[in-house]
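Student: I would like to learn how to read a model like this one, feature by feature. Could we go through it together?

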4 protein chains.
Amino acid sequence: EPRGAAAEERVLVINTGGTIGMVAESGGLAPEPNKLVKALKKMPMLHDKAYAQERVPEFPDDTLVLPLSKQNKRIVYTIKELSPLLDSSNMTPDDWAKIAKHLQKYYEHYDGFVILHGTDTMAYTASALSFMCENLGKTVVLTGSQVPIYELRNDGRANLLGALLFAGQFVIPEVCLYFYHKLYRGNRVTKVDAGSFSAFCSPNLPPLANAEVDITVNWETVWRANTTEKFRVHTNMNTNVALLRIFPGITAAAVKAFLQPPIEGIVLETYGSGNAPNNREDLLEELKKATDQKVVILNCTQCLRGTVTPVYATGQTLTAVGVIPGSDMTPEAALAKLSYVLSKTDISWEEKREKLGENLRGEMTVVPTGAKISLTNS
Amino acid sequence: EPRGAAAEERVLVINTGGTIGMVAESGGLAPEPNKLVKALKKMPMLHDKAYAQERVPEFPDDTLVLPLSKQNKRIVYTIKELSPLLDSSNMTPDDWAKIAKHLQKYYEHYDGFVILHGTDTMAYTASALSFMCENLGKTVVLTGSQVPIYELRNDGRANLLGALLFAGQFVIPEVCLYFYHKLYRGNRVTKVDAGSFSAFCSPNLPPLANAEVDITVNWETVWRANTTEKFRVHTNMNTNVALLRIFPGITAAAVKAFLQPPIEGIVLETYGSGNAPNNREDLLEELKKATDQKVVILNCTQCLRGTVTPVYATGQTLTAVGVIPGSDMTPEAALAKLSYVLSKTDISWEEKREKLGENLRGEMTVVPTGAKISLTNS
Amino acid sequence: EPRGAAAEERVLVINTGGTIGMVAESGGLAPEPNKLVKALKKMPMLHDKAYAQERVPEFPDDTLVLPLSKQNKRIVYTIKELSPLLDSSNMTPDDWAKIAKHLQKYYEHYDGFVILHGTDTMAYTASALSFMCENLGKTVVLTGSQVPIYELRNDGRANLLGALLFAGQFVIPEVCLYFYHKLYRGNRVTKVDAGSFSAFCSPNLPPLANAEVDITVNWETVWRANTTEKFRVHTNMNTNVALLRIFPGITAAAVKAFLQPPIEGIVLETYGSGNAPNNREDLLEELKKATDQKVVILNCTQCLRGTVTPVYATGQTLTAVGVIPGSDMTPEAALAKLSYVLSKTDISWEEKREKLGENLRGEMTVVPTGAKISLTNS
Amino acid sequence: EPRGAAAEERVLVINTGGTIGMVAESGGLAPEPNKLVKALKKMPMLHDKAYAQERVPEFPDDTLVLPLSKQNKRIVYTIKELSPLLDSSNMTPDDWAKIAKHLQKYYEHYDGFVILHGTDTMAYTASALSFMCENLGKTVVLTGSQVPIYELRNDGRANLLGALLFAGQFVIPEVCLYFYHKLYRGNRVTKVDAGSFSAFCSPNLPPLANAEVDITVNWETVWRANTTEKFRVHTNMNTNVALLRIFPGITAAAVKAFLQPPIEGIVLETYGSGNAPNNREDLLEELKKATDQKVVILNCTQCLRGTVTPVYATGQTLTAVGVIPGSDMTPEAALAKLSYVLSKTDISWEEKREKLGENLRGEMTVVPTGAKISLTNS
């Protein structure tokens with residue numbers, strides 16, 4: 001079937017490391033540099049050698065091209081490998097900044113972006129980048145795999161292919177995460193399974209898109225920034241933040257230790273709908289002292305699915321000592337949001353507290369999904 | 001339909017508090033004492049008034065009786081209310097001890113036990129009790145509800161009824177948790193949903209039983225203690241333990257603060273299959289120092305489903321600094337096990353470390369469920 | 001908390017029979033007449049005796065009242081028992097007409113309607129009533145149970161309570177089906193499990209509402225008739241219709257036998273996306289002959305989830321012999337729609353064929369849910 | 001990492017057609033002959049060209065070799081393409097016989113077998129082959145795909161790879177079906193989704209194996225034939241069988257027409273736990289007449305999940321007129337079993353009826369999974 005010349009879309013792939021490009025070594029699986037591009041060039045589902053050769057010399061060594069898509073598009077993609085490649089367990093806020101700067105640098109040169117990343121901290125990075133990217137107008141998709149792409153059976157090929165197709169063919173102006181045929185909002189996901197190809201879950205928001213027999217996008221869920229401002233990245237995230245999970249018998253001493261300077265913000269992982277002991281004066285005292293010293297405490301639930309609401313007496317006590325309810329944010333998103341908002345130098349402490357309660361990037365549900373009981377249909 | 005005189009089974013219900021018995025107050029929902037028994041007596045599905053009146057004066061005020069079951073059994077249950085009733089957010093290791101002592105005190109007088117408890121920390125308490133109860137030979141079932149039993153629509157009635165039927169009719173010698181028609185092993189569950197009746201999940205072990213149209217028990221999963229020793233409870237749990245969740249950018253200072261005396265044990269919530277940064281010398285140094293000072297560190301994954309395995313280089317580094325792999329234990333179970341094992345005064349530190357790696361109450365999978373790839377069926 | 005006098009809503013419950021009111025007899029479970037009202041009056045969660053007694057003599061024998069709801073409403077409900085009570089396996093189109101006539105007769109006297117029905121054919125009846133009810137402006141909810149309400153453990157209490165609350169408190173002007181805390185569109189469901197409380201599934205449309213910790217209605221899914229015409233029921237359904245499931249080796253003789261007069265319409269349950277053999281001239285010939293003789297053939301898939309689409313050569317052949325694609329209708333809905341449309345005497349055969357392809361009561365998806373692949377977001 | 005010479009396993013792939021090898025034509029998707037082998041040779045994940053070239057001339061044109069597996073095995077596979085290639089909607093019992101004869105002919109020459117097949121009737125063919133293969137001692141795996149392997153995004157590559165690995169590396173002596181990372185017993189599956197990669201479901205039996213990050217086989221579920229007899233195929237299936245789905249209003253005339261000679265057996269798709277109208281004398285009369293004339297009627301439920309049990313009066317009536325309860329068989333398996341048992345010439349009609357109630361190939365649960373309520377654990 002003869003077709004007209006296909007439109008070309010350009011995607012930048014930023015390879016940060018992760019299982020997708022790992023090989024077995026004596027110390028366990030570890031990433032190996034300068035190997036992925038060569039390997040991908042030998043996979044016809046991810047590189048159309050004939051097309052590339054016709055187009056030489058336009059195709060530099062780090063650039064590949066997908067076979068023609070059903071939509072008659074050519075996705076030409078360039079892989080930039082960060083150095084060193086990282087097991088995502090080793091990823092830090094500095095690495096987030098490095099990725100963000102790459103997005104900034106190449107923003108105008110590409111139609112979309114894919115970030116290859118280990119699954120272990122992918123939800124943290126996706127959350128962080130969602131805040132660091134201001135006025136995003138292009139599709140950014142994080143992906144990776146549970147099994148290295150060099151193994152016979154692996155999920156890396158399909159994940160990379162899907163991520164490239166979303167980044168190259170759709171304008172979904174969010175930091176997304178693509179895994180096992182689903183596209184999620186990046187700041188809504190959490191890793192829930194270490195042994196399945198279906199590793200991620202978006203507990204409080206349905207997926208943005210699905211790619212099985214057909215590709216279907218839930219456009220009504222896609223985030224609309226309503227901005228005409230220019231894209232920029234905010235990289236100086238405040239790292240004086242931490243996650244603290246409440247448990248029965250937690251001591252005031254431990255909480256106090258955790259809230260010491262230089263800490264400026266804490267995500268408190270509470271029980272159920274945002275509850276913590278309200279009969280532990282020692283504990284509440286420490287939280288109150290901290291907020292008095294302008295430490296921001298953001299309340300998220302330990303439950304996979306759930307929303308921090310002021311239904312229980314034990315939850316209301318927290319609000320009374322200055323803790324901010326975090327609605328249905330994941331701990332990963334809450335931590336990233338704290339890091340982001342606390343790093344803003346042009347707003348006051350009160351404004352920061354207020355901003356933490358607002359929905360900045362679709363990371364939280366302000367009005368609950370689905371109307372609560374209401375007797376009329378207004 | 002005339003039936004022969006039904007066998008009577010006796011169940012003790014220990015009411016510790018929780019949503020099931022809460023009423024709305026100005027400060028939010030809170031438990032109200034001396035109210036539950038009276039309310040239950042007015043619910044025919046939970047109390048057969050006619051039968052009780054016939055049997056007077058054997059029925060004291062705190063004792064109720066279920067209507068005849070399909071198995072032609074009468075479950076007579078007595079409710080002991082702890083004081084004060086607790087929102088489970090306020091539950092502490094002291095309260096666990098109180099519950100355990102009740103089990104001990106009444107062990108010979110009842111056929112089975114139900115513990116009413118708030119959902120927020122029910123998984124923690126179920127885990128703790130599973131270790132505290134040594135040589136358990138009777139059924140112990142924790143339950144509660146998401147909506148108070150005093151409300152029109154609630155899940156308390158069905159949860160209590162199911163728990164009573166399991167405690168009174170089956171010998172499942174474990175600390176179990178019953179919720180929304182499923183009976184789980186107590187040290188395998190975690191609360192995953194703050195807004196659904198299906199609040200709990202047993203991510204790495206299937207339910208012990210199901211009670212929908214029929215009651216089906218998966219007997220092959222039920223724990224067999226293989227002991228003829230006498231039941232006893234161990235109540236002096238070590239409370240110098242804590243949960244520490246790893247996140248990108250976590251500082252060595254925070255970790256150090258958390259590992260200070262009097263801390264003796266830590267559950268480290270790591271990434272994926274048990275990974276943590278292996279390029280952070282400062283962090284590893286703190287962990288090593290702690291183990292050198294005989295702090296025990298137990299490695300569990302942040303993922304809902306998953307097992308700590310030494311597949312990645314980043315995971316192997318932890319083992320190298322003395323961290324103990326926690327297999328597929330939930331953080332709740334791991335914390336309780338630490339508390340329990342560290343409180344044993346008759347074994348050495350090395351023996352404690354060893355015991356933490358053993359399967360004591362069915363809390364972890366030593367040999368993975370389902371054979372891994374194997375070419376023959378041996 | 002003192003409340004003002006509660007608003008009263010009136011609901012009519014039409015009891016047609018089914019497991020919910022069955023008792024065990026020598027021949028198996030069978031419905032027993034004149035028993036349900038008496039039993040319900042003894043269940044405080046379904047009848048507030050004190051309130052009723054205060055209101056005597058307004059409360060006739062067949063009328064009950066729910067305890068006050070969270071929304072400060074009183075739902076007063078009257079139970080009309082059809083005679084004979086039916087195991088739903090015995091339900092026929094004549095019985096549908098009987099139910100519909102009751103709806104018509106009492107339409108102005110009640111705010112909402114609940115129909116108690118056996119689960120076996122509840123999806124068929126719900127589908128039929130959805131078409132028979134024209135210009136419906138009130139909530140009609142079918143429900144029942146998997147275990148009789150007279151048994152100790154049963155799902156009948158909760159199902160009846162939920163159905164009453166939806167019928168009495170919400171204006172969802174559809175024929176709905178409520179089961180296990182979910183409200184579905186009646187012509188979208190199918191019974192998928194004979195042994196679980198979660199017996200029904202709405203494979204191609206999400207539930208209309210959920211009633212767990214909170215009641216949430218997906219108002220955007222609720223059907224809007226856009227009519228100001230008066231409610232009426234259409235009862236003379238055409239019963240010369242049948243369901244025919246294709247299978248490998250089906251003979252032309254069997255198909256021919258099935259398509260003989262007086263048959264006027266057939267739901268053909270095909271494979272996958274609406275496929276049938278396209279190399280079986282004998283079979284296609286029979287189908288063609290039938291359509292030539294004005295038998296209407298409506299194509300639905302055997303797959304639980306799926307849509308009849310003209311993607312495959314084997315599917316296109318059916319369209320060529322006059323078969324009408326049924327989109328994502330369930331077989332139950334398709335059969336009911338055939339029965340309904342074929343009984344219309346004021347439209348031509350061609351108009352009937354056209355009507356079958358239109359979305360009359362939300363029974364089919366005309367534009368697929370979620371946009372298929374589209375490069376822009378228009 | 002140097003390895004010793006890998007063991008070679010030989011797999012025969014019988015390509016019968018189906019979506020996996022289809023291309024778009026004017027009339028819709030249709031299979032194209034002599035194309036698949038060529039295409040597979042260009043996919044490095046499914047063919048190791050270097051290895052094959054080294055081994056020339058041992059590699060005929062129709063033979064390919066997988067890259068080395070993790071288990072250090074080489075799977076060499078030969079593709080036999082049936083002619084004509086079929087859309088599986090066109091598959092008939094004659095085609096089943098053709099496939100079975102191929103299995104017979106090549107049984108001793110290969111270690112395992114893969115059958116490429118369209119998804120539409122794959123469950124029917126898998127069921128039929130499970131009975132046709134007597135004394136099977138090798139692994140037979142049916143697979144296919146929802147999207148052609150020639151398209152950019154498809155599930156064909158992964159399905160074929162997984163099927164080859166199971167057929168070549170494991171002795172699971174059953175007719176299996178592999179799809180979307182799960183291996184099912186072939187006579188337990190049904191196609192449930194026309195639009196998802198997860199197209200099949202095994203409603204009443206868990207999967208035999210799972211292939212995600214690890215391959216895990218549930219060996220305790222794998223069928224053990226306990227036979228030392230020689231493998232043989234039974235191909236003269238009785239085709240005078242049919243599927244008849246009960247629905248409200250079904251006429252005795254339609255049933256009678258369906259039960260006419262030459263019909264010898266019918267799968268009756270009943271409601272719920274095996275129920276049909278017991279007040280329809282006309283209908284029961286027709287069923288009785290049929291059994292009197294030695295037509296065998298096998299009772300299966302319309303519900304996806306469920307078991308035919310004699311709990312309801314409406315179900316017991318069927319047994320009374322000679323209908324055989326089909327337990328939890330799928331309609332596909334029941335139809336195949338009828339076809340198989342009725343074709344046996346060496347047993348009487350009574351013996352055939354008896355055999356239909358026995359578990360011949362793991363197609364039905366004789367003792368329910370999980371013990372029903374039992375007060376002791378014996």
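Student: Let me begin with one residue: where is the place of K294(B) in chain B?

Tutor: K294(B) sits in the loop between α7 (281-292) and β18 (296-301) of chain B. Helices (H or I, at least four residues) and strands (E, at least two) are DSSP runs, numbered from the N terminus. Before we go on, this is a predicted model, in which local features need pLDDT of at least 70, side-chain atom pairs count only at pLDDT 80 or more, and totals for chains, interfaces and linings use all residues. Residues are numbered from 1 along each chain as its sequence is written, chains are lettered from A and ligands numbered from 1 in the order in which they are written, and side-chain values use heavy atoms, with hydrogens and water left out.

Student: What is the phi of K294(B)?

Tutor: K294(B) is not a glycine, yet its phi is positive, at about 65°. N135(A) also has a positive phi without being a glycine, here about 60°. N135(A) is placed in the loop between β7 (133-134) and β8 (139-143) of chain A.

Student: How does one decide whether K294(B) counts as buried, exposed or partly exposed?

Tutor: Buried means under 20% relative accessible area, exposed over 50%, and partly exposed in between (1.4 Å probe, protein chains only). K294(B) has 45% relative accessibility, so it counts as partly exposed.

Student: What does a contact mean, and what does K80(B) touch?

Tutor: Contact means heavy atoms within 4.5 Å. Setting aside residues up to four places away in sequence, K80(B) touches L12(B), V13(B), I14(B), N15(B), D62(B) and Y106(B). K80(B) lies in strand β5 (residues 73-86) of chain B, and its relative accessible area of 22% makes it partly exposed. For a sense of distance, the C-alpha atoms of K80(B) and L268(B), 188 residues apart along the chain, are separated by 37 Å.

Student: And what is in contact with R55(B)?

Tutor: Beyond its neighbours within four places in sequence, R55(B) is in contact with E8(B) and R10(B). R55(B) is part of helix α2 (residues 49-55) of chain B, and at 15% relative accessibility it counts as buried.

Student: Is I14(C) buried or exposed?

Tutor: I14(C) is buried, because its relative accessibility is 0%. The residue is in strand β1 (residues 7-17) of chain C. Its contacts, leaving aside neighbours within four places in sequence, are K80(C), L82(C), I99(C), H102(C), L103(C), V114(C), I115(C) and L116(C).

Student: How should I read the span of a helix?

Tutor: The expected span is 1.5 Å times one less than the number of residues. Helix α3 (residues 93-106) of chain C has 14 residues and reaches 20 Å from its first C-alpha to its last, close to the expected 20 Å. Helix α9 (residues 331-342) of chain B has 12 residues and reaches 16 Å, close to the 16 Å expected.

Student: Which residues of α3(C) are buried?

Tutor: An α-helix has 3.6 residues a turn, so residues three or four places apart point the same way. The buried residues in α3(C) include W96(C), I99(C), A100(C) and L103(C). In α9(B), 12 of its 12 residues are buried.

Student: Finally, how many helices and strands does chain A have?

Tutor: Chain A has 10 helices and 19 strands. Its radius of gyration is 22 Å, close to the 21 Å that the globule rule gives for 378 residues, so chain A is as compact as a globular protein of that length. The radius is taken over C-alpha atoms, and the rule is 2.2 Å times the number of residues to the power 0.38. Buried residues make up 66% of the 378 residues in chain A. Among its contacts between residues at least 6 apart in sequence, 72% join residues at least 24 apart.
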